[in-house]
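Here is a short briefing for a first look.

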Amino acid sequence: MDKLIITVAPVGAEISKEDHPYLPITPEEIALEVHKSREVGASICHLHVRDENGQPTQKAERFNEVIQKIKEKVPDIIIQVSTGGAVGMTEEERMEPLTLNPEMATLTTGTVNFGEGVFYNSPSFIKKLATYMSEKGITPEIEVFETGFIQNALQLVDQNILSLPLHFDFVLGVPGGMPANFKNLVFLSEQLPLGCTWTVAGIGRWEYPLAILSIMMGGNVRVGFEDNLFLKKGLKATSNAELVERVANFSKSLGREIATPDEARQILHIKGKNK
Ligand code: KMH
Ligand code: ZN
């Protein structure tokens with residue numbers, strides 16, 4: 001089994017300081033959280049950023065500011081920018097961080113209800129994002145909120161826009177999306193062509209049960225305030241690093257070592273380093 005790749009998703013677009021005072025918002029706060037998370041085992045940072053008022057933004061300038069701060073502290077971590085942004089953002093807004101030529105970016109290959117909103121991804125927009133990433137050599141992570149999203153990604157392979165092996169993230173437990181449970185994770189992982197890699201982001205209380213199953217199955221794990229705030233029932237983590245460290249400890253105790261960013265690059269077939 002390959003070493004475990006841990007992704008930290010420290011910010012997200014859905015929670016605020018009112019939900020959790022430890023949510024990192026400023027470039028300095030985000031960089032510090034990523035640094036602490038890297039020290040305990042994270043090799044990828046799934047990045048959303050916030051503006052001066054704490055609101056989600058996809059402005060390239062703000063992403064650049066945050067990425068520079070992260071790189072000062074953690075030069076080797078893989079930065080995966082979000083092209084999902086927040087529900088309701090325009091396609092143009094969502095594409096902005098790609099202009100920074102990041103090493104990795106998300107690519108959601110379908111539309112899903114998302115709480116009270118709709119996370120809208122039309123076939124033409126999916127194709128546009130995939131084509132852009134492919135032309136620029138940005139490694140996509142396919143975000144899967146429902147089974148059909150896998151087929152939609154494989155269609156892009158048939159159309160010679162993307163190529164195998166692809167890397168997938170199963171996001172389970174978003175209200176409106178595919179429920180989080182063990183059967184769904186096993187089912188999704190069985191749909192992938194040989195050689196593809198996957199990670200799981202269990203939302204809320206499912207973060208750890210699905211992380212443990214993934215560790216045992218040879219998958220990978222995403223944790224962070226974007227998905228879950230709690231270390232255990234009633235106890236909020238005071239840092240994203242506490243969530244990362246818990247997964248790393250589970251993995252080590254189950255006999256699976258943790259990948260460094262360079263090892264993650266090899267496992268995920270990422271070509272360029274920190275472009
Ligand atoms: N905030 C969600 C609407 C991604 O980062 O690409 C979308 C999301 C997925 O978080
Ligand atoms: Zn995200």
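A residue counts as buried when its relative accessible area is under 20%. By that cut-off His48 is buried, and Glu226 is buried too. This is a predicted model.

**Zinc site**
- Three residues coordinate the zinc ion (ligand 2): His46 through NE2, His48 through NE2 and Glu226 through OE, at 2.1 Å.
- The spacing of these donor residues in sequence is H-x1-H-x177-E.
- His48 and Glu226 link distant parts of the chain, as they are 178 residues apart.
- His48 sits in the loop between strand 2 (42-47) and strand 3 (49-50).
- Glu226 sits in the loop between strand 12 (220-223) and strand 13 (230-232).

**Aromatic pairs**
- How many aromatic pairs does a search of the whole structure find? The search finds seven.
- Phe114 and Phe119 have ring centres 6.0 Å apart and ring planes at 75°, so this pair is edge-to-face.
- The cut-off behind that label is an angle over 60 degrees between the planes.
- Phe119 has a relative accessible area of 7%, so Phe119 is buried.
- Phe182 and Trp206 also form an edge-to-face pair, with 5.5 Å from centre to centre and 80° between the planes.
- Phe182 belongs to helix 6 (residues 182-190), while Trp206 lies in the loop between strand 11 (197-202) and helix 7 (207-217).
- The pair therefore ties together parts that are 24 residues apart in sequence.
- Is Phe182 buried, exposed or partly exposed? Its relative accessibility is 42%, so Phe182 counts as partly exposed.
- One aromatic cluster is formed by Phe114, Phe119, Phe145 and Phe149.

**Charges over rings**
- Lys136 lies over the face of Tyr132, and the distance to the ring centre is 5.6 Å.
- Arg246 lies over the face of Tyr208, at 4.3 Å from the ring centre.

**Helix packing**
- Helix 1 (residues 27-39) packs with helix 8 (residues 240-253).
- The angle between helix 1 and helix 8 is about 15°, and their axes are 8 Å apart.
- Angles under 35 degrees count as roughly parallel, and helix 1 and helix 8 are therefore roughly parallel to each other.
- Which hand does the crossing of helix 1 and helix 8 have? Helix 1 passes helix 8 in a right-handed crossing.

Conventions: Residues are numbered from 1 along each chain as its sequence is written. Chains are lettered from A and ligands numbered from 1 in the order in which they are written. This is a predicted model: local features need pLDDT of at least 70, side-chain atom pairs count only at pLDDT 80 or more; totals for chains, interfaces and linings use all residues. Side-chain values use heavy atoms; hydrogens and water are left out. Donors are N, O and S atoms within 2.8 Å of the metal (3.2 Å for Na, K and Ca); water is not among the atoms, so sites may look incomplete. Helices (H or I, at least four residues) and strands (E, at least two) are DSSP runs, numbered from the N terminus. Buried means under 20% relative accessible area, exposed over 50%, partly exposed in between (1.4 Å probe, protein chains only). Rings of Phe, Tyr and Trp (its six-membered ring) pair if their centres lie within 6.5 Å; planes under 30 degrees apart count as stacked, over 60 as edge-to-face and the rest as tilted. A charge sits over a ring if NZ of Lys or CZ of Arg is within 6 Å of the ring centre and within 35 degrees of the ring normal. Axes are lines fitted to C-alpha atoms, for helices over the stretch in contact, and angles run from 0 to 180 degrees between N-to-C directions. Angles under 35 degrees count as roughly parallel, over 145 as roughly antiparallel, 65 to 115 as roughly perpendicular and the rest as oblique. A crossing is left-handed if the near helix is turned anticlockwise from the far one by less than a right angle, and right-handed if clockwise.
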